[in-house]
Amino acid sequence: METARGGTAEDPRGSGAGTHPGAARAAETRDRIIEAATDCIRRWGIRRVSMNDVAQQAGVSRRTVYLHFADREALVLAVLTRISALTVAAVEPLVRSRDTLAGQVAEAAVHVHALGPAQLQLGLGYRPGESEDATLLLAHSDQVLAAWHGFWRPFVAEARDRGEVRPDLDPDRATEWIMRVIISLVTVPARTFDPDDPDQVRAFVSEFITRGFAS
């Protein structure tokens, strides 16, 4: 599902907005709607926000909102995708600070489970079930998955070059495993470790990624 016409998770505002006055106005309106939706979600949550609320907050008609977003789910996803792109940028230096793939994945898992800047910014952690709703919605976005895939693939390739993982490890499959594990840390309750303890999260992820990916 697209978050913006011509946009990507890395560039959620779209491309080519400055090449034509009409396109620039459309992009500006779209940005205003997304900002308004962000404010509304922060106030009421993703389950209660409505297209009418967003239209009033943005100062546009309900029809204008629908011109840019097919339905409420598409609008909510656009908000989450934009913040997800910011999350990728925020997590990268933390991941880069670790010198092994196991440590890098564990560090990302810690921060994603802790709700990270995306969910804390929207206040979803204070509404039961909304954090999980947001994660599952993002998990069904091809653009978001592509962005995270692009983020992790070089780390897997670098680990293979270092000899940290087995030489026949498929970077695409390894990347999908990493993404699935991180998503599950948000959506599935833990039984054998405390998910609110960063050290236990790091130990849990490192233990199994090391065994599963090693020679």
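What share of the 215 residues in the protein chain is buried? Buried residues make up 44% of them, where buried means under 20% relative accessible area, exposed means over 50% and partly exposed lies in between (1.4 Å probe, protein chains only). This is a predicted model, in which local features need pLDDT of at least 70 and side-chain atom pairs count only at pLDDT 80 or more, while totals for chains, interfaces and linings use all residues. Residues are numbered from 1 along each chain as its sequence is written, and side-chain values use heavy atoms, with hydrogens and water left out.

**Overall fold**

- The protein chain has 10 helices and zero strands; helices (H or I, at least four residues) and strands (E, at least two) are DSSP runs, numbered from the N terminus.
- Along the sequence the pattern is α-α-α-α-α-α-α-α-α-α.
- Of the contacts between residues at least 6 apart in sequence, 69% join residues at least 24 apart; contact means heavy atoms within 4.5 Å.

**Nonpolar core**

- The largest nonpolar core has 55 residues, and Leu101, Trp152 and Ile178 have the most contacts inside it.
- Such a core is a set of buried Ala, Val, Leu, Ile, Met, Phe, Trp, Tyr and Cys residues joined through side-chain atoms within 4.5 Å.
- Elements giving two or more residues to this core include H1 (21-44), H2 (51-58), H4 (72-96) and H8 (142-162).
- H4 gives the most to this core, with 11 residues.
- In soluble globular proteins, nonpolar side chains tend to be buried together.

**Helix H8 and Trp152**

- The 21 residues of H8 should span 30 Å at 1.5 Å a residue, and its end C-alpha atoms are 30 Å apart, which agrees; the expected span is 1.5 Å times one less than the number of residues.
- Buried residues in H8 are Gln143, Val144, Ala147, Trp148, Phe151, Trp152, Phe155, Val156 and Ala159.
- Gly163, which follows H8, has a positive phi near 85 degrees.
- Neighbours within four places in sequence aside, Trp152 contacts Val95, Gln104, Val105, Ala108, Thr175, Ile178, Met179 and Ile182.
- Thr175 lies in helix H9 and counts as buried at 0% relative accessibility.
- Not counting residues up to four places away in sequence, Thr175 touches His149, Trp152, Arg153 and Val156.

**Packing of H4 and H8**

- The axes of H4 and H8 are 10 Å apart, at an angle of about 15 degrees, which makes H4 roughly parallel to H8.
- Axes are lines fitted to C-alpha atoms, for helices over the stretch in contact, and angles run from 0 to 180 degrees between N-to-C directions.
- Angles under 35 degrees count as roughly parallel, over 145 as roughly antiparallel, 65 to 115 as roughly perpendicular and the rest as oblique.
- H4 passes H8 in a right-handed crossing; a crossing is right-handed if the near helix is turned clockwise from the far one by less than a right angle, and left-handed if anticlockwise.
- Residues of H4 that meet H8 include Val88, Val91 and Val95, and those of H8 include Phe151 and Trp152.
- Val91, in helix H4, is buried with a relative accessible area of 5%.
- Beyond four places in sequence, Val91 is in contact with Ala108 and Phe151.

**Packing of H1 and H2**

- The axes of H1 and H2 come within 8 Å and cross at roughly 120 degrees; the two helices are therefore oblique to each other.
- The crossing of H1 and H2 is right-handed.
- The contact involves Asp53, Val54, Gln57 and Ala58 of H2, and residues of H1 including Arg32, Ala36 and Trp44.
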